[in-house]
Amino acid sequence: MQQLQHASRALGWDGRLVPDVDVLGTRFTAVARIRPDVHEWRLHHGWEPELNPAWFKAWSEPEHHDQLPVAAVDLIGILVPVSKPSRALRACGMLLSLAPCAVVLPGQQRYDALSMLELDYYGAGVVTTGPDDSGKLVIPPENRAAEFGSSMFGRWLLEVLYSRLLDHPQLTENA
């Protein structure tokens, strides 16, 4: 976890690390932050995190829901540890549509320039970590989420992260 803290700091991502999020066939660590004003409003109005993905499908049908809760979490970025660059693009692939995504690679290896160029082209970031777990930013990630627009899946993920942050207040603060 300390390796991911250092990677998050190297990226300048200020938020809490939510480990072991498993979606779209990838396990990653999210860097997220609760929006205090929205959180207070949701508590006051009884809007707990909604974890049922089927409920979100009904959001697109206004006759079923005339009010919807605002997302109480900002997803700052996604960290995916991988052992080598050849696995990096697949690890970030679908996640790039949700938030900036960076792979965390071991720092002691030499990396092929073509792999790094491919990651940069698609907007995936790269952070390496050394034996002392310090993080070094190699390629900054791009935020491509706006290109893909919002989705019910992305909104559901925010609810999952909100739930995890509320259930585990001890999750690492990366301030």
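The largest pocket is lined by 14 residues, and those that lie nearest its centre are S150, S151, G154, R155 and L158. Two elements, β3 (73–81) and α7 (152–167), each give two or more residues to this lining, with α7 giving the most, namely four residues. By residue class, the lining of the largest pocket divides into seven nonpolar, five polar and two charged residues, and the space in this pocket comes to about 310 Å³. These values, like those that follow, were computed from a predicted model.

The chain holds seven helices and six strands, which run from the N terminus in the order α-β-β-α-α-β-α-β-α-β-β-α-α. Of the 175 residues in the chain, 47% are buried. Among the contacts in the chain with a separation of 6 or more, 62% are accounted for by residues 24 or more positions apart.

Strand β1 (residues 16–23) runs antiparallel to β2 (residues 26–34), to which six bridges join it, and V23 has T26 of β2 as its bridge partner. The two strands form a hairpin with two residues between them, and L24, in the turn, has a positive phi of about 50°. A positive phi is also found at D20, a residue other than glycine, where the value is near 55°; D20 lies within strand β1 itself, and its relative accessibility of 47% makes D20 partly exposed. Strand β2 in turn pairs with β3, again in the antiparallel sense and over six bridges, and here the bridge partner of A32 is L75 in β3. Strand β2 is mostly covered, in that seven of its nine residues are buried.

Helix α2 (residues 36–45) has V38, H39 and R42 among its residues in a buried state. Seen down the axis of α2, the buried residues fall within an arc of 100°, so they line one face of the helix. The other side of α2 carries P36, D37, E40, L43 and H44, which are exposed. The cover over the buried residues of α2 includes β2 and α7, so that the helix that gives the most to the lining of the largest pocket also takes part in covering α2. For H39, which lies in α2, the relative accessibility is 14%, and this residue therefore counts as buried. When neighbours within four places in sequence are left aside, H39 is in contact with I34, A72, Y162 and L166. Helix α2 is followed by G46, whose phi is positive and near 75°.

Leaving aside neighbours within four places in sequence, C92 is in contact with V80, C101, A102, V103 and A124.

Methods:
Residues are numbered from 1 along each chain as its sequence is written. This is a predicted model: local features need pLDDT of at least 70, side-chain atom pairs count only at pLDDT 80 or more; totals for chains, interfaces and linings use all residues. Side-chain values use heavy atoms; hydrogens and water are left out. On a 1 Å grid over the protein atoms alone, a cavity is a set of points where a 1.4 Å probe fits but cannot get out, and a pocket is an open set with protein on both sides within 12 Å along at least five of seven lines; lining residues have an atom within 4 Å of a point. Grid points are joined across faces, edges and corners, and a volume is the space filled by probe spheres set on the points. Ala, Val, Leu, Ile, Met, Phe, Trp, Tyr, Cys and Pro count as nonpolar, Asp, Glu, Lys and Arg as charged, and the others, Gly among them, as polar. Buried means under 20% relative accessible area, exposed over 50%, partly exposed in between (1.4 Å probe, protein chains only). Two strands pair if DSSP finds at least two bridges between them. The arc is that of the directions from the helix axis to the C-beta atoms. Contact means heavy atoms within 4.5 Å.
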